[in-house]
Amino acid sequence: MITLKGNVHYVGVNDRAKTLFEGLWPLPYGVTYNSYLIADEKVALIDTVDVNFFDLFIEKVREVIGKRPIDYLVINHMEPDHSGSIRLLRQFYPNITLVSNKKALDMVEGFYGVGAQTRAINEGDTLELGHHKLRFHMIPMVHWPETMVSYDLTDHILFSGDAFGSFGALNGTPVDTHMDTTLYWSEMERYYANIVGKYGAPVQKALQKLDGVFIEMICSTHGPVWTGENVAKVVGVYDRLSRYATEEGVVIAYGSMYGNTQQMAEAIAEELSVQGIRKIVLHDVSRVNHSYILADLFRYKGIILGAPTYNASIYPQMEMLMSEIEMRDMKDHYLGYFGSFSWASHAVKRLAAFSEKVKFEVVGTPVEMKQGMKDSVRTACQELAKAMADRLKADR
Ligand SMILES: Cc1cc2nc3c(=O)[nH]c(=O)nc-3n(C[C@H](O)[C@H](O)[C@H](O)COP(=O)(O)O)c2cc1C
Ligand SMILES: [Fe+2]
Ligand SMILES: [Fe+2]
């Protein structure tokens, strides 16, 4: 049994088998589905787990409360990684009351056909458990519309749903002070860039709402339980990422089938380095999962994209990356671009259209190459790199 504080327990699970979260994002270190149980005069469960783990989940719940019934299930978020066990839970505990906002309760009905015995709550409403008292705050669009957090007024614990979550299964007990947390900081940035990235403004609103709230412990639905100084650090990471604040450095993301366009990327990288830029990351859009490219794009201010023309369009993996950037509504970047073709160019035109759509400052002159590398193209690539370096250095 894992006790976090008094009668607040961790009943979440590690998923070390899933390879792609949401069918998209790699999980080399796994992921957790965190659930919490407050065994007070009333018993409240906060969120559930992926339905594939129901058996283990119920075992953990019973280890804490034995044959006692669960009075309330508080639902902070309805994505199935957390809500998946609701239908079975109702079968195990027929008298359980589902507590959430109206939007979430409608989704419970829609996803699981579970309706009766619910308690709809609004912003600021509270739920008395005996010693503990939960207060609810809506944080819509972080990253679904029904999302809310539950704050324990007694022990100052924030049950935050996906907010402040990270990828990575737990290496030991869930509390940060009991493990090496190094892994989770980078996995938190990747989680944010992949899952929450589009919703910078709603995250900022949520942070403002929680600003005056004294938090001793963050219990999110993914990754470690954060305590002490880490509480402010975690909030700081989410604040920085949701402001789209970047640091000096350049991500060169390129597509290349036969290496010609890659030579342009290499020439640009070399010149950036010569010009004094130290954080340069080259990503082949076909070989590196976009999950990692997006995480680096959230970190570094410079973006240089390049790809060959393909079937009178642009190389498909670059089309994909452009769409991923667009749908995240990313800001605070400088953009350069380049492309190649053999008989009828299209790639650079497509990148130009992209550059007009996104809210980035375009730097340098786009470079277009016909067939193989030549001196004039190399020089143009160097000029593009220099323009990017100069723009970044002007911000120092
Ligand atoms: C399947 C395929 C489709 C292509 N379609 C076009 C095209 O529509 N127009 C064009 O100018 N070049 C086209 N190309 C040529 C590539 O743009 C050209 O070979 C380029 O040099 C490839 O760059 P890479 O060596 O970086 O892969 C195509 C190449 C392939 C393999
Ligand atoms: Fe989610
Ligand atoms: Fe989640």
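Predicted model: local features only at pLDDT ≥ 70, side-chain atom pairs only at ≥ 80, totals over all residues.

Q: Where does Val363 lie?
A: Val363 is in the loop between β23 (361-362) and β24.

Q: Is Val363 buried or exposed?
A: Buried. Its relative accessible area is 7%, and the cut-off for buried is under 20%.

Q: What separates the C-alpha atoms of Val363 and Leu4?
A: They are separated by 51 Å. Along the chain, Val363 and Leu4 are 359 residues apart.

Q: Now α12. How many residues does it have?
A: Helix α12 has 20 residues, 375-394. From first C-alpha to last it reaches 28 Å. That is close to the 28 Å expected at 1.5 Å a residue.

Q: Which residues of α12 are buried?
A: Val377, Cys381, Leu384, Ala385, Met388, Ala389 and Leu392 are. They cover an arc of only 135 degrees around the axis, so they sit on the same side of α12.

Q: What covers the buried residues of α12?
A: The cover includes the strands β18 (247-254), β20 (300-310), β22 (334-341) and β24 (367-370). Helix α8 (260-274) is part of the cover too.

Q: Switching to pockets. What volume has the largest one?
A: The largest pocket has a volume of about 360 Å³.

Q: How many residues line the largest pocket, and which lie nearest its centre?
A: It is lined by 16 residues. Nearest the centre are Met257, Pro308, Thr309, Phe341 and Ser342.

Q: Which elements supply at least two residues of that lining?
A: α8, β20 and β22 each do. The largest share comes from β20, with three residues.

Q: How does the lining of the largest pocket split by class?
A: Eight residues are nonpolar and eight are polar.

Q: What about the second largest pocket? What is its volume, and what lines it?
A: The volume of the second largest pocket is about 180 Å³. Its lining includes Leu24, Trp25, His143, Asn194, Lys198, Glu324 and Arg328. Two or more lining residues come from each of α5 (182-196) and α10 (316-326). By class, six lining residues are nonpolar, three polar and three charged.

Q: Back to α10, then. Which of its residues are buried?
A: Met318, Leu321, Met322, Glu324 and Ile325. Seen down the axis of α10, they fall within an arc of 160 degrees, so they line one face of the helix. Glu324, one of the buried residues, also lines the second largest pocket.

Q: What do the buried residues of α10 pack against?
A: They pack against the strands β18, β20 and β21 (313-314). The helices α9 (290-299) and α11 (347-357) are also packed against them.

Q: Last one: Asn230. Where is its place, and is Asn230 buried or exposed?
A: Asn230 is in helix α7, residues 229-242. Asn230 is buried, with a relative accessible area of 18%.

Q: Leaving aside neighbours within four places in sequence, what is Asn230 in contact with?
A: Asn230 is in contact with Asp176 and Trp185.

Methods:
Residues numbered from 1 in each chain as written. Chains lettered and ligands numbered in written order. Heavy atoms only, no water. Helix = DSSP H or I, 4+ residues; strand = E, 2+ residues; numbered from the N terminus. Expected span 1.5 Å × (residues − 1). Buried < 20%, exposed > 50% of the residue type's maximum accessible area, 1.4 Å probe, protein only. Arc of directions from axis to C-beta. Contact = heavy atoms within 4.5 Å. 1 Å grid on protein atoms, 1.4 Å probe; cavity = no way out; pocket = protein on both sides within 12 Å on 5 of 7 lines; lining within 4 Å. Points joined across faces, edges and corners; volume = space filled by probe spheres on them. Nonpolar A, V, L, I, M, F, W, Y, C, P; charged D, E, K, R; others polar.
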